[in-house]
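Here is a short briefing to read alongside your structure. Have the model open and follow along topic by topic.

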Amino acid sequence: MILEAILLGTMTVTSYRPVPEQTKPECKNRHFCETSIGENVSELGVAVSPDLLASGRVHYRDCIHIPGVGFRIVNDVTNSRLHDSIDVLVYEKAEEKKFGVRHLKVW
């Protein structure tokens, strides 16, 4: 099997936590916290901006590679105000702060 890596472009990459103010009101520190496609949140997942999904460049359950982060599965969507962006799931506030805002090539 041959896999082909396609450069999606340079994206704004940030992080988010499974807390009500960043996801859904019923999300309580990983519990009762589902992605937009009904899966449980996972450190292997990412949320992508709606424009990436609408363009067809990215689909739910696609595997993407972010240098310095690794391989992640697209299983959630960000707020509609974001464009060309990806949110990596982290569990701790310190991780989120350390991650910051990065501009990285995404494959």
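A polar contact here is a pair of N or O atoms within 3.5 Å; within protein, one must be able to donate a hydrogen and the other to accept it, and residues adjacent in sequence count only if both atoms are side-chain atoms. The side chains of Ser49 and Asp51 make such a contact, at 2.5 Å. Please keep in mind that this is a predicted model: local features need pLDDT of at least 70, side-chain atom pairs count only at pLDDT 80 or more, and totals for chains, interfaces and linings use all residues. Residues are numbered from 1 along each chain as its sequence is written, and side-chain values use heavy atoms, with hydrogens and water left out.

**Around Ser49**
- Ser49 sits in the loop between β2 (45-48) and α1 (50-55); helices (H or I, at least four residues) and strands (E, at least two) are DSSP runs, numbered from the N terminus.
- Ser49 counts as buried because its relative accessibility is 0%, where buried means under 20% relative accessible area, exposed over 50% and partly exposed in between (1.4 Å probe, protein chains only).
- Leaving aside neighbours within four places in sequence, Ser49 is in contact (heavy atoms within 4.5 Å) with residues including Val77, His83 and Asp84.

**The sheet**
- Six strands form an open sheet in the order β3-β4-β2-β5-β1-β6, with mixed pairing; two strands pair if DSSP finds at least two bridges between them.
- At the edges stand β3 and β6, each with a single partner strand, so one side of each has no neighbour in the sheet.
- β1 and β5 run parallel and are joined by 5 bridges; Val13 has Ile86 in β5 as its bridge partner.

**Nonpolar cores**
- A nonpolar core is a set of buried Ala, Val, Leu, Ile, Met, Phe, Trp, Tyr and Cys residues joined through side-chain atoms within 4.5 Å.
- The largest has 17 residues, and among those touching the most other members are Val13, Ile64 and Ile86.
- A second, separate core of 7 residues includes Tyr16 and Tyr91.

**Salt bridges**
- The structure holds 3 salt bridges, each a side-chain nitrogen of Lys or Arg within 4 Å of a carboxyl oxygen of Asp or Glu.
- Arg17 pairs with Glu96, their closest N and O atoms being 2.7 Å apart, and both residues are buried.
- Arg61 pairs with Glu39 at 3.0 Å between the closest N and O atoms; Arg61 is exposed at 53% relative accessible area, whereas Glu39 is partly exposed at 25%.
- Asp84 pairs with Arg57, with the closest N and O atoms 3.6 Å apart.
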